[in-house]
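Here is a friendly walk through one protein structure. Take a moment to look at the sequence and the fold before reading on.

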Amino acid sequence: MWATLRLLLVYVGLGIPAAMVGIPWTLLRGNFRLMYRWGMGITALGPRAAGVRVRVEGLENVRPGTQYIFLSNHVSNLDGPVLLPSIPGMTSVFIKRELMRVPVLGTAMRMGRYIPVARGSSREEAEKSVDFAAEVLKAGLHVMIFPEGTRSADGRLLPFKRGGFYLAEKTGAPILPVVIRGTAQMMPKETLKITPGEAEVRFLPEIRPQEFASREQLMEAVRRAMEAELARG
């Protein structure tokens, strides 16, 4: 558990002071970019302190100046801390609405334009979340989503939820599939223990929603691309 404790010490020991300084600074300056850089630096440092090395491939598929919807497989609680700092530019994510009520953390998330989602929400609430995500893309941020909605226990892709694909249809933003490897072995679903090792983040070629006649076809194209990469080993 020492690796896990080192990660938590980084997040608590650096995250709280950074927020206490960064939140007033952001309010005064009206610019979240500095605080975002601090946040992503600390996010990346946590796994590194736990002995997790991160290898990133496929960045040539991320076109500068384009706002993407990144859709990634999900096998471990390490996925977010490994993936988010690897994405060029600023990125928003869908989070549980109740996290917005956590002191300091919730304020930072609102400043970062994170997208609140109520678990078991109604269709109307889900559409509001997607509408907010569309505004986030329009403001120049990427959006990152785990389309399975939960972690896979065996590494195989679970059924996709439709929210990210509805967002792509609504905005025309390209989807960029992402495949993460190695995190399941370092921090499996049923444990908080981290075993040091290497994680790989691979960005696949973008998929444009305008090229598909239906949402189902778009979902299938993204799924095929991710499954083909996972099968590559």
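Predicted model: local features only at pLDDT ≥ 70, side-chain atom pairs only at ≥ 80, totals over all residues.

Residues are numbered from 1 along each chain as its sequence is written, and side-chain values use heavy atoms, with hydrogens and water left out.

Let's start with charge. Side chains of opposite charge can pair when their charged atoms come close. Here a salt bridge means a side-chain nitrogen of Lys or Arg within 4 Å of a carboxyl oxygen of Asp or Glu. Counted by this rule, there are 20 salt bridges. Three of them are set out below.

| Pair | Closest N and O atoms |
|---|---|
| Glu 198 and Arg 55 | 3.2 Å |
| Glu 135 and Arg 113 | 4.0 Å |
| Arg 232 and Glu 200 | 4.0 Å |

Where do these partners sit? Helices (H or I, at least four residues) and strands (E, at least two) are DSSP runs, numbered from the N terminus. Glu 198 forms its salt bridge with Arg 55. Glu 198 belongs to strand 7 (residues 197-203) and Arg 55 to strand 1 (residues 52-57), so this pair ties together parts that are 143 residues apart in sequence. Arg 232 is paired with Glu 200. Arg 232 is in helix 8 (residues 215-232) and Glu 200 in strand 7, so parts 32 residues apart in sequence are tied together.

How covered are they? Buried means under 20% relative accessible area, exposed means over 50%, and partly exposed is in between (1.4 Å probe, protein chains only). Glu 200 is buried at 8%, whereas Arg 232 is partly exposed at 48%. Glu 198 is partly exposed, at 37%, and so is Arg 55, at 33%.

The remaining pair in the table is Glu 135 with Arg 113. Glu 135 lies in helix 5 (residues 123-138) and Arg 113 in the loop between helix 4 and strand 4, so they tie together parts 22 residues apart in sequence. Glu 135 is partly exposed, with a relative accessible area of 44%. Val 104 sits in the loop between strand 3 (91-96) and helix 4 (105-111).

Which arginine is buried yet has no salt bridge? That's Arg 151, whose nearest side chain of opposite charge, Glu 190, is 6.6 Å away. (Lys and Arg count as positive and Asp and Glu as negative; His and the chain ends are not counted.) Arg 151 is in the loop between strand 5 (142-145) and helix 6 (163-171). Leaving aside neighbours within four places in sequence, Arg 151 has contacts (heavy atoms within 4.5 Å) that include His 74, Asn 77 and Lys 189.
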